[in-house]
Amino acid sequence: MSTETGTVAGSDSSRIHNIGYRSYDGVRLGRSYARRSLYSQSLRGSFGLGRSAKSKVLPMLLCGVMCLVALILVAVAIATPNMTKLPIKYTDFAIYLQAVIGLFIASQAPQSVSRDLRFKSVPLYFSRPIERADYVVAKYAAMASALLILTGLPLVILYVGSLLAKFDFADQTKGFGQGMVSVALLSVLFAGLGLVVAALTPRRGFGVAAVIAVMTITYGAVSTVQAIAWQTSSADAITWLGLFSPITLIDGVQTAFLGAASAFPGGEGPGAAAGVVYLIVVLALVAGSYAVLMRRYRRVGL
Amino acid sequence: MVRATTVDDVTVIATESLSKRFPRVTALDRLSLDIGPGVTGLVGSNGAGKSTLIKILLGLSPATEGRAAVLGLDVATEGAAIRERVGYMPEHDCLPPDVSATEFVVHMARMSGLPPTAARERTADTLRHVGLYEERYRPIGGYSTGMKQRVKLAQALVHDPKLVLLDEPTNGLDPVGRDEMLGLIRRVHTDFGISVLVTSHLLGELERTCDHVVVIDGGSLLRSSSTSDFTSVTTTLAVEVTDSDDHPDGTDALRKVLTEAGITFVGHDGLDAEGLPGAGHILLVEATGEETYDLVRDSVAGLGLGLIRMEQRRHRIAEVFRAGEAHRAAPAATAGVGQQKGSGHHEH
């Protein structure tokens with residue numbers, strides 16, 4: 001019988017395997033190592049690595065779409081004679097492909113946090129050296145990193161392509177830098193919102209729908225009202241309405257500070273003063289997301 | 001710290017006037033325990049404070065008052081160090097169904113601080129020791145309850161802790177699975193050298209497994225004693241006889257004869273008043289050795305009665321804690337274990 005392999009009188013099959021219990025005297029790398037392990041496991045998991053083949057399909061597909069679009073833009077830039085710059089700005093890329101980013105966060109945020117909540121694995125983490133903050137930080141950082149890979153990789157492709165096409169180096173480097181800052185901010189903001197929504201809706205499928213709702217419905221609502229405001233020519237209203245959806249927040253910040261052309265109706269992006277408000281709201285949302293996650297995990301401790 | 005099993009007087013868990021009060025309930029009430037190496041059962045009905053105690057011992061919940069130390073480490077200040085050396089198996093399901101046992105336990109080993117290679121080796125070893133073989137590569141979702149319990153146990157043991165806290169490990173198992181799990185728990189101490197604190201709301205199932213049993217109720221200590229004190233000092237014989245024309249009440253006749261022979265009876269007038277079928281006709285005789293068996297046999301034959309049964313019946317912990325507690329409390333108060341608390345704790 002399997003439970004008796006340790007005794008001398010085990011059955012034949014168990015005696016072959018019986019090498020007795022070996023204790024572990026090696027190193028224990030502690031809390032920071034555990035946090036890093038959780039980070040890398042979650043980051044890999046966001047792209048389906050270390051998970052079933054089925055769960056690799058969607059994230060890899062979305063990542064492929066992002067890169068493919070970037071490659072096409074590069075191909076156009078190189079093939080078209082007399083071009084001096086890329087067809088789009090670096091900062092525009094994420095705004096154009098926001099639906100893909102939204103799908104990615106909607107599919108991966110729930111798998112990152114809802115699984116542990118739904119199957120009550122969280123107490124197993126907290127009965128180990130890591131603390132609540134380590135868990136939240138590792139999950140948050142992993143999700144933000146995954147989004148940064150998704151949104152940054154195409155920008156790198158665009159940048160390399162522009163250099164191959166021998167566009168102006170200083171110009172391209174500046175644009176690339178601005179683009180990377182913008183997507184970094186976007187990654188942190190989206191990761192926070194996505195994880196909060198997912199952590200509050202642990203039920204299967206629910207989380208996906210809720211994240212999509214937060215990301216796209218707010219955008220739909222904001223851009224509709226903005227369009228109406230444009231029709232009634234209230235430019236001020238367009239500026240402030242942008243505060244109410246994640247992607248328009250990023251649009252506002254990069255229009256004000258990162259030399260982007262606003263995608264708001266009529267290009268009515270915020271100026272520097274309103275831009276500060278945009279930035280404050282983004283940072284407040286990031287800090288708020290962290291605080292909500294910490295609260296959420298205080299209750300599921302053990 | 002030295003591995004606990006080699007040092008007899010090491011205290012694994014010590015609490016001193018430990019209390020935990022919530023706004024509306026008192027979960028623990030001045031609990032003082034002193035638990036040594038070995039397998040210790042923590043018994044109490046649901047809501048007796050078992051889970052609260054485990055939370056405090058893991059350093060995850062501050063005590064309202066009093067102190068507690070696990071493996072010599074203070075729970076209030078050295079929680080992380082405790083959690084590195086202690087394993088915990090929760091009562092509820094905690095396994096994601098879409099990964100294999102190997103993947104899951106490797107991940108948990110790394111969460112305990114084991115380097116990647118060591119995590120894989122220890123996982124393979126530990127899963128084998130808890131009795132999971134080929135199935136460990138399949139997703140956990142397809143496992144039986146017994147196999148899931150083994151995975152839960154494996155994740156608590158994978159980092160080779162000095163102590164494991166097992167919360168109701170036999171919950172939901174069928175009788176066979178229950179026996180296997182209890183055997184496994186016994187081996188965790190005897191073969192692996194890891195001390196065990198195992199909770200249950202069933203007294204009976206712990207008596208075979210544990211060296212020591214702690215009973216708590218309403219958050220305070222009811223009794224803390226070595227299991228052997230209850231189960232191996234004496235043996236009880238259950239004797240049932242037929243009636244005959246000469247002796248319309250065979251049981252009573254036999255009792256008279258045995259009393260004259262100087263035999264001691266157990267329980268109320270020697271009658272088993274457990275409420276089982278035929279209980280009123282079963283004599284509980286205290287056996288002091290082989291001669292008691294002979295005496296009973298000869299007495300029954302001498303009276304011309306039919307002997308329906310004569311069987312050994314171990315004292316069950318349950319009996320010891322019941323009403324008859326007072327008259328056999330003496331041998332229970334052994335050295336090195338927490339003392340019985342003062343009165344006033346029998347709340348129900």
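In which sense, left-handed or right-handed, does H3(A) cross H5(A)? In this predicted model, H3(A) passes H5(A) in a left-handed crossing.

**The helix pair in chain A**

The two elements concerned are helix H3 of chain A, which covers residues 53-79, and helix H5 of chain A, which covers residues 98-118; they pack at an angle of about 160 degrees, and their axes lie 10 Å apart. Because an angle over 145 degrees counts as roughly antiparallel, H3(A) is roughly antiparallel to H5(A). On the H3(A) side the contact is made by A:Leu58, A:Pro59, A:Leu62, A:Val65 and A:Met66, while H5(A) brings A:Val100, A:Leu103, A:Phe104, A:Ser107 and A:Gln108.

**Where the chains meet**

The contact between chain A and chain B takes 35 residues from chain A and 38 residues from chain B. On the side of chain B that touches chain A, at least two residues each are supplied by helix H2 (79-85), helix H3 (101-111), helix H4 (116-129) and helix H6 (175-190) of chain B. The largest share of that side, five residues, comes from H4(B).

**Chain B and its strand E8**

Chain B has eleven helices and 13 strands, and 46% of its 348 residues count as buried. Among contacts in chain B with a separation of 6 or more, 70% are accounted for by residues 24 or more positions apart.

Strand E8 of chain B, residues 195-200, is largely enclosed by the rest of the structure, because six of its six residues are buried. From E8(B), B:Ser195, B:Leu197 and B:Thr199 point one way, whereas B:Val196, B:Val198 and B:Ser200 point the other way, and all are buried.

Two pairings of E8(B) can be described. Strand E3 of chain B, residues 39-43, runs parallel to E8(B) and is joined to it by five bridges; within this pairing, B:Val43 has B:Ser200 as its bridge partner. Strand E7 of chain B, residues 163-167, also pairs with E8(B) in the parallel sense, over five bridges, and here B:Leu163 stands opposite B:Ser195.

**Two residues with positive phi**

Most residues other than glycine have a negative phi. Which residues of chain B, though not glycine, have a positive phi of about 50 degrees or near 50 degrees? B:Asp160 has a positive phi of about 50 degrees, and B:Glu168 has a positive phi near 50 degrees. The table sets out their surroundings.

| Residue | Loop of chain B | Other C-beta atoms within 10 Å |
|---|---|---|
| B:Asp160 | between helix H5 (145-157) and E7 | 24 other C-beta atoms within 10 Å |
| B:Glu168 | between E7 and H6 | 18 other C-beta atoms within 10 Å |

Since 20 or more other C-beta atoms within 10 Å make a residue buried, B:Asp160, with 24, is buried. B:Glu168, with 18 other C-beta atoms within 10 Å, is therefore partly exposed. Both loops involve E7 of chain B: the loop that holds B:Asp160 lies between H5 and E7, and the loop that holds B:Glu168 lies between E7 and H6. E7 itself is the strand that pairs with E8(B) over five bridges, and H6 is one of the helices that supply at least two residues of the side of chain B that touches chain A.

Key. Residues are numbered from 1 along each chain as its sequence is written. Chains are lettered from A and ligands numbered from 1 in the order in which they are written. This is a predicted model: local features need pLDDT of at least 70, side-chain atom pairs count only at pLDDT 80 or more; totals for chains, interfaces and linings use all residues. Axes are lines fitted to C-alpha atoms, for helices over the stretch in contact, and angles run from 0 to 180 degrees between N-to-C directions. Helices (H or I, at least four residues) and strands (E, at least two) are DSSP runs, numbered from the N terminus. Angles under 35 degrees count as roughly parallel, over 145 as roughly antiparallel, 65 to 115 as roughly perpendicular and the rest as oblique. A crossing is left-handed if the near helix is turned anticlockwise from the far one by less than a right angle, and right-handed if clockwise. Two residues are in contact if their C-beta atoms, placed from the backbone, lie within 7 Å. A residue is buried if 20 or more other C-beta atoms lie within 10 Å of its own, exposed if 12 or fewer, and partly exposed in between; C-beta atoms are placed from the backbone. Two strands pair if DSSP finds at least two bridges between them.
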